[in-house]
Amino acid sequence: MKNYDLVIVGGGPAGLAAAVSARDAGIESILIIERDKELGGILNQCIHNGFGLHTFQEELTGPEYASRFIAQVAERGIAYKLNTMVMDISSDKRVTAMNREDGMFEIQAKAVILAMGCRERSRGALNIPGFRPAGIFSAGTAQRLVNMEGYMPGREVVILGSGDIGLIMARRMTLEGAKVKVVAELMPYSGGLKRNIVQCLDDFGIPLKLSHTVVDIEGKKRVEAVTIAEVGPDRKPIPGTEERYTCDTLLLSCGLIPENELSKSAGVTLNPVTSGPVVGDNLETNVEGIFACGNVLHVHDLVDYVSQEAAAAGRNAAQYIKNGAKTDARTVEILPVDGVRYTVPKFIRPQEMDDKLTVRFRVGGVYRNCSIATYFDDELIARRKRPVMAPGEMEQVVLDKKKLGDYPNLNKITIRIEEA
C-alpha cells in the first residue's frame, strides 16, 4: 500500500486548484486521481469563452482555463494518475482505486479532498412518456460529441430545460448548422445565467417557453417529433396547450447532481437540498480529514468560484495534515430561511475561520427589488439590495471574523431575503 499526505479525487478545475493550493501551503506528497484520459475535467469540452474573468482578469475558453492550472500542477511536480477509477473511500481515508497498469490498488492518505464534480439528470429521472428512440441526448453528452469527437447529434433540435449547458448547446448546434426549434423549461424561470439567455437564445431568435414540458416523444427508431405543453402551478400539463414540433433530436438540460456515491461510502453526511456534503467554514465534511469543493459540494455557476473554493480546501487540508484536527472549536450554524435554499458552508467556527469568509447560496425563486439580510441571532448586521435574484445565479454574503469577535455568545447566523 502506498502512502500520500493528500489524495485528491478528480482532476477537473476543483481538483487542480486544490492541488496547487495545498502544494503552495507546503504539502509535498500529493496525488490527483482522474478517471478520464486527461486532466481538465468538463472544461475540455467547453470551447466557448467566458471563463477566467475573476481568476485571470481575461476571457478564456474552457480548455485555455484548464491548461493554466494544468501548467501550474506540472510546474510544481504534483503527481497524478489518469484513466484511474476510485472505487471506494473508507472513513479512515483509505482510497481503493483501479486502472489498467496497476489493477486494483489501495492508498492510505492523511487527508482526502473530494472534487468529483457533478453529473446530468438522466431521462430516466425525468419520467418523460413515449418510446425510447435514438436521438435523445443529455446536453453535456451532445456537447462532448460536437466539440471533442466531431459528431453532429442531429439537424432539427428541441431542448428541454434551460440550464447553462442547454442554452450554450442551443447556440452551438445553431452555429453547426442545426435548426433549434424551441427551448422548453418546466419552471416559471430559467435555470441558466441571464447572459447565456441573451447570447445563446435571444441573439439567434430561438424561443424560450417557460412553464412548458415535454409530454410526448414520437418515433420508434429515431425521434420524429416532440410534443410540449404548458404546465400549471402544480407542474402538471394543461390539456389543450399542446404544441408539436417535428425534430430528430431531443436534448435534455434538466439540472446537475453532485457526484457523491464515493462520499456516501466514506460516511459523509449529505445536504438534501444540494445533494452535496455538509461542510463547515474550512470545507471539511463530518468525516475528519475529508474535505469537499467544487461541483461535488454544490453546483456552481462560474468556474472562477470553483477555483476560489478549491484553493481554500487545499489550504485547509494542508493545515489539517500539519496540525491535526481542532475538535474543541465552538461552532455557529448558518440558517437559510425566507427564500434562501441553502448555504455553503452550513456552520462556521468563529475562532478558527479565515479573516473573511464567503458564504455562497442560491435563492428558491425570482425576486425583484429585494435585499439579502444577515442576522446575528436576532440582530440585523447587514442588508444588501439586489435588483433581481434568480435560482440560476449564485449569491454570496461575506462574513468578517473581526465583526464576529464582537459577539462571543452568538448562537446562530440567519440569511434571508427581505423586501427592500
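In what order do the five strands of the open sheet run?

1. Basis. This is a predicted model: local features need pLDDT of at least 70, side-chain atom pairs count only at pLDDT 80 or more, and totals for chains, interfaces and linings use all residues. Residues are numbered from 1 along each chain as its sequence is written, and side-chain values use heavy atoms, with hydrogens and water left out.

2. The sheet. The order is β21-β20-β26-β23-β24, with mixed pairing. β21 (347-348) and β24 (379-389) each have a single partner strand, so one side of each lacks a neighbour in the sheet. Strands are DSSP runs (E, at least two residues), as are helices (H or I, at least four), numbered from the N terminus. Two strands pair if DSSP finds at least two bridges between them.

3. β23 (residues 367-376) and β24 are antiparallel, with nine bridges. Cys370 stands opposite Arg386 in β24.

4. The second largest pocket. Its volume is about 490 Å³. Lining it are 25 residues; the closest to its centre are Asn282, Glu284, Ala325, Lys326 and Arg349. Helix α7 (residues 303-323) gives the largest share of the lining, four residues. A pocket is an open set of points on a 1 Å grid over the protein atoms alone, with protein on both sides within 12 Å along at least five of seven lines; lining residues have an atom within 4 Å of a point.

5. The cavity. The count is one cavity of 30 Å³ or more. The largest cavity has a volume of about 40 Å³. Its lining includes Asn271, Pro277 and Lys346. In a cavity a 1.4 Å probe fits but cannot get out. Volume is the space filled by probe spheres set on the points, which are joined across faces, edges and corners.
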